[in-house]
Amino acid sequence: MIHSRRTFLALPAAVGLAAAPAPHNLRLWYQNAAADWNQAIPIGNGRMGAMIFGGVESDHLQLNENTLYSDEPGRRDIFLDIAKDRERVVTMLRNRQYEEAGEFITRNWGGRAQPCYQPMGDLHIHSSHSGATDYTRELDISTSLATVRYAHSGIIYTREYFASYPDQIIVIRLTASKPNSITFRAEFRSIHPNAVTREVGSSAIAMSGQVPGFALRRELKWVQQRNETKKYPEIFDMRGQVRPFGKPVLYGREIQGLGMKFDTHLRALNKGGTARVDNGKLEVTGATECVLLLSAGTSFNGFDKSPTKEGVDPAIRASADLKNASSKGYAALRASHTQDYQKLFQRVFIDLGKSVENQASLPTDERITAFANDQDPGLASLYFQFGRYLMISGSRPGGQPLNLQGIWNHEIIPPWASAYTTNINTEMNYWPAEVTNLSECHEPLFRMARELRVTGGKVAREVYKMRGWVEHHNTTIWRDAQPVDNNAMPAFWPMGGAWITQHLWEHWLFTGDRDFLEKEAYPAIKGVAEFCSDWLEDDGKGRLVTAAGNSPESTFRYTDSEGKPRTAGITMGPTMDMAIVREVFTNCIRASELLNRDPDLRNELKTKLGKLLPYQVGARGQLQEWPEDLMESDPHHRHISHLYPLHPGNQITKRGTPELFAAVRRTLELRGDEGTGWSRAWKINSWARMEDGNHAYQLVRNLLQLSKFNGTRYTGGGVMPNLLCSHPPFQIDGNFGGTAGIAEMLLQSHAGAVHLLPALPDAWNTGEVTGLCARGGFVVDLRWSSGKLTQCHVTSKLGKALAVRYGDKTVEISTTHGRRYQFDGQLRQS
């Protein structure tokens, strides 16, 4: 019998007792405190995040709040008139003046750099426990509870940490095996120089501050060399010279008082002993137990409102959440947190096979290093569930979507601004949301799409003089929709919003929520369909292509009309553009028919759909990346954008389009198996769609390679010691892409059937997974042994027709309302 809902470790009846250790495939643990940020443990409640270092003499929690960004709404926008120059660029591209077109777009169609996601501050907890022994630091992802435990002078000290979504609070509980042994000093610090700490009660402190009103992710010399100084009057004068005190980061009066404000509060609830505030530090002496409650608020008041001129008082949110949590005991706070978290986490159970015990029990960093010997399938199970843990911790209804670093960042100018890069990374963050049964966690992305319809609609009207809405390859909390800075490649790519709408359509396919389709999905899809329709041009051969774009971040080599070798990135109708346009048109037509809406638009799209440039196979047998069969500048480039119709799309399938399917395989072979962490995750999904489990597993092995620290920085794609994805540096999308890829290896439903174990590798010879979701409203439980399916349960939530495929056999059931079907390994019902 398959356990359709496996029960994990629950809250102990008496919270004063330590919980039993979590199973190896649900536990990250270490024998030392974190030496740097990439070794720290992440916790979060969908809004607040913390990285736990776990030091003994000085513990350190680095803190985030996911609305805390630099800059203000609308400040990234500059005057652009793409409509005026469109025909000029199209003419250059038709004449194969690719490099010249790219240079023109760089000079005339580029915007400002994006604002940066900001850290809030740091909490330090100091003790005098030098020389501690028996140290462990762990994260139990079955309960979302982190723990540090050590011995000192014959006493066992324990710290427990969790971030509660129901109570919007971070909780730290300090206990000891001997009464009256808890003595420490806690203080706030912040990387922001204007932050100040104050007393807010006899046992509480608060820190307030203001993040930069301007933070530029570019060196000033770089801006000057590219003649882009006029875009940044905050720093440069009209002659392009740096203003007095000009610098990439501007605070307060340096930037007319702009900058979001924040407030974070800390209160001690101690049993025994004393608690007092001294010089802005919270001191607890001789307690038997102490619970620290941490709250936070910002002045963010919406994507379209200035946080300085129209912002809310951040202290109101922080004070209210702290007051609410303080009225509850630790047991109640932990119980509500555990119940809320496990309601989501326990929906899916996974067991990919038995690991060698002495390897599975290794500390996590050592376990990652040893994974290459293929004796620890449990680590892949842990990695899969860790991705779901991060999704629950980082993306909850009412919060912001996961950015490049999720919700965890410690730098004022983080890598790539910690923005929403929508040419792969933002979308990859949400690949596991539906299939791994975390549909609710998708909501922040849907709200971002709704808000982008406002800003992107303005850009479509004013910049392009076109219908609908658009978003380019990057946006932020202010929902900027213009092209970002840098250059034509990768910045000029008006397909970001269109790709995001795929997630709304997928949510409809998985859930069958007609109200969502009508009110959220269709308006968004219709808008990008209108934009894409207006963006098409005749390629001179009677086929419709996008007017200009790039295959994200990839360039090509070509020979110009004079026989000179050139390199460029911009063409008409790159393959990824055409795949997204084809998908958007198809989805819009289907939704229009279902809702009986907009027949004129539907007919327009149907007509243009039949004229779109088809996919083409190049001389190497590969799927062409551009309309012309061009050679990539980097044949092993990290992006595989032109394979979008294989994954995450569904236009190229093994049984539906065998010739194109073969071309995709050849493309993957040519691209190779290396790359950044998230690139390897992308390829897991692609090889899973190829139904090649062993090759997909090789990419799992590549992804689970430990990134090495050379004394200055981490090198090599894979994972950090804390299992977070390494680009390097840290970038969270690979975690979610890896989780989604493992799910794709076990279950697929994009090609008209619920396909069981489509890409099962030899390394996962025996196993079980329960609670995965399939399109059509199905929940699937699987068990296999010796590489063969032995049992399957399919539960229907919507009553739709069911087609189940295993190997070459397909079974069809016409109606399934409210039914749970059981199949054996031969797909015979039982």
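**Helix packing and buried residues in a predicted model**

User: How close do the axes of helix α15 and helix α16 come?

Analyst: Helix α15 covers residues 575-595 and helix α16 covers residues 599-609, where helices (H or I, at least four residues) and strands (E, at least two) are DSSP runs numbered from the N terminus. Their axes, lines fitted to C-alpha atoms over the stretch in contact, have angles running from 0 to 180 degrees between N-to-C directions. The two axes cross at roughly 145 degrees, and they come within 9 Å.

User: Which residues of α16 make the contact with α15?

Analyst: Contact here means heavy atoms within 4.5 Å. From α15, the residues taking part are Arg582, Phe585, Thr586, Cys588, Ile589, Ser592 and Glu593. Their partners in α16 are Leu601, Arg602, Leu605, Lys606, Lys608 and Leu609.

User: How many charged residues does the contact of α15 with α16 have?

Analyst: Ala, Val, Leu, Ile, Met, Phe, Trp, Tyr, Cys and Pro count as nonpolar, Asp, Glu, Lys and Arg as charged, and the others, Gly among them, as polar. In this contact there are 6 nonpolar and 2 polar residues. The number of charged residues is 5.

User: What can I keep in mind about numbering and cut-offs, and at which pLDDT do side-chain atom pairs count?

Analyst: Residues are numbered from 1 along each chain as its sequence is written, and side-chain values use heavy atoms, without hydrogens and water. This is a predicted model, so totals for chains, interfaces and linings use all residues, local features need pLDDT of at least 70, and side-chain atom pairs count only at pLDDT 80 or more.

User: Are α5 and α8 parallel, antiparallel, perpendicular or oblique to each other?

Analyst: Helix α5 (residues 330-345) and helix α8 (residues 377-394) have axes 10 Å apart, packed at about 130 degrees. Angles under 35 degrees count as roughly parallel, over 145 as roughly antiparallel, 65 to 115 as roughly perpendicular and the rest as oblique. The pair is therefore oblique.

User: Which residues of α8 meet α5, and how many in the contact are nonpolar?

Analyst: On the α5 side we find Tyr341, Leu344 and Phe345. These meet Gln385, Arg388, Tyr389 and Ile392 of α8. By class, the contact has 1 polar and 1 charged residue, while the nonpolar count is 5.

User: Is phenylalanine 162 buried or exposed?

Analyst: Phenylalanine 162 lies in strand β8 (residues 155-164). Its contacts beyond four places in sequence include Leu333, Arg334 and His337. Buried means under 20% relative accessible area, exposed over 50%, and partly exposed in between (1.4 Å probe, protein chains only). With a relative accessible area of 0%, phenylalanine 162 is buried.

User: Which side chain makes a polar contact of 2.6 Å with arginine 775?

Analyst: Arginine 775 sits in the loop between β35 (767-774) and β36 (778-785), and at 16% relative accessibility it counts as buried. A polar contact is a pair of N or O atoms within 3.5 Å; within protein, one must be able to donate a hydrogen and the other to accept it, and residues adjacent in sequence count only if both atoms are side-chain atoms. The 2.6 Å partner is glutamate 506.

User: What is the length of the polar contact between asparagine 423 and glutamate 553?

Analyst: Asparagine 423 is in the loop between β20 (420-421) and α9 (425-429). Its relative accessible area is 1%, so asparagine 423 is buried. The side chains of asparagine 423 and glutamate 553 are joined by a polar contact of 3.0 Å.
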